[in-house]
Amino acid sequence: MAPDIRFDVWREAMAATMSPMHISSPHSSDFWGHTRLLTLDDVLLWPVAMQASRYRRTAELVRKGDPELYHITLVLPGSGRLKVDHSGRRHLSTVNDLYILNSSQPCDVEVEENELAVAIGVEIPRNNFPPTAERAIGRMLGHRISGQDGFGAVLSPFLSHLVSRNSAHRPSDIPRLKRILLDLVTGLAARELDAEPSLCTETRRRNTFLLMRSYIQRNYHDRGLTPRTVAAAHFISPRQLHRLFEAEGITAAAYIRGRRLAEARRRLADPAQYTTSVQTIAQHCGYTSAAHFSRSFSAAYGMAPREYRELEHRQQLDTELRSLAPPATAGRDPIPA
């Protein structure tokens, strides 16, 4: 868009996405910003990169109209610091931090001058949460929340996955993805405030399962990882662990095995790891025995690891050769003069 209208268009877009605000920027004469809008039913996600700007929602604007939303921001790598003032609390959010705002209360968020803001914004209507969850979330408003610990470490990659892989999901996936997002936000607030006993049984069960699944995804390479060690890391019994995974239609042992096999398959297909021995790949994926790895891989994919690697390598070479081949010419080749 032409420089002289960019900032006006940006303000209108932000007001429509979040809620009416006073927006200003030291770069208003030549503003730069980029965003996309993704929907999960009535939940909006919008990955954004933009120049320094300030967003103020005053008490007067709240009185004029309130969409009754919770707004969540995840600050991404490449972003400067965000000054957040909300619900009587002030803090600086930096990379991998999260914070929550309530559109019914005044707020002031500012991207420091000469910095970029790179983040994922989420707008969730408050009526998606029961009163107990709203109370827990309300006590988190304006706080700086780590995106690298507890539920923050589960919510952050989930949001990144949603905005980077949205084309991989079908419309039928939307209700389940939305449910997972709401459970993670509820669990985040409850865990941060030790309010988890107030959540409903199903939400607590789902939250615990998501935490354990994330733990397995991060620690699959540990050769000592077993259902028993996963249970111990979350202070529950192995019997409770098995019940949680069975409710999702899988066993904990099968989930660990599947995570390891999927990573091994990815490494075997990676051209950059073609000269890495199968035994080394097996060790990096948590296997103590190359023979056990070979049997497990063959049972899962119908061929030995070496066979799979060679097949992938040949297919990649064929694809590269076809891309280098000159386009076919219809009819007789022209004869040079």
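The structure, a predicted model, holds 2 cavities of 30 Å³ or more.

**The largest cavity**

A total of 26 residues line the largest cavity, and M18, H71, T73, Y99 and L101 are those that lie nearest its centre. Six strands each supply at least two residues of this lining: β4 (43-51), β5 (54-57), β6 (69-75), β9 (97-102), β10 (107-111) and β11 (116-125). The most is given by β11, with 5 residues.

The lining of the second largest cavity is made up of L268, A269, D270, P271, Y274, R309, E312, H313 and Q316. Here the elements that each supply at least two lining residues are helices, namely α9 (252-269) and α12 (305-324). Of the elements involved, α12 gives the most, with 4 residues.

Which order do the strands of the open sheet follow? This sheet of 5 strands runs β1-β5-β10-β7-β8, with antiparallel pairing. The edges are taken by β1 (22-24) and β8 (89-93); each has a single partner strand, so one side of each is left without a neighbour in the sheet. On average, neighbouring strands of this sheet are turned by 10° against each other, direction ignored.

Within the sheet, β7 (residues 82-86) pairs with β10 in the antiparallel sense over 5 bridges. In this region K83 stands opposite E110 in β10. Both β5 and β10 also belong to the strands that each supply at least two residues of the lining of the largest cavity.

Helix α1 (residues 3-17) lies across β1 and β5. The helix runs at about 145° to β1.

**The α6-α8 contact**

How are helices α6 and α8 oriented to each other? The axes of α6 (residues 201-219) and α8 (residues 238-246) come within 10 Å and cross at roughly 100°. This value falls in the range of 65 to 115 degrees that counts as roughly perpendicular, and α6 and α8 are therefore roughly perpendicular to each other. On the α6 side, the contact is made by R205, T208, F209, M212 and I216, while L241, L244 and F245 make it on the α8 side. By class, this contact of α6 with α8 has 6 nonpolar, 1 polar and 1 charged residues.

Conventions. Residues are numbered from 1 along each chain as its sequence is written. This is a predicted model: local features need pLDDT of at least 70, side-chain atom pairs count only at pLDDT 80 or more; totals for chains, interfaces and linings use all residues. Side-chain values use heavy atoms; hydrogens and water are left out. On a 1 Å grid over the protein atoms alone, a cavity is a set of points where a 1.4 Å probe fits but cannot get out, and a pocket is an open set with protein on both sides within 12 Å along at least five of seven lines; lining residues have an atom within 4 Å of a point. Grid points are joined across faces, edges and corners, and a volume is the space filled by probe spheres set on the points. Axes are lines fitted to C-alpha atoms, for helices over the stretch in contact, and angles run from 0 to 180 degrees between N-to-C directions. Angles under 35 degrees count as roughly parallel, over 145 as roughly antiparallel, 65 to 115 as roughly perpendicular and the rest as oblique. Contact means heavy atoms within 4.5 Å. Ala, Val, Leu, Ile, Met, Phe, Trp, Tyr, Cys and Pro count as nonpolar, Asp, Glu, Lys and Arg as charged, and the others, Gly among them, as polar. Two strands pair if DSSP finds at least two bridges between them.
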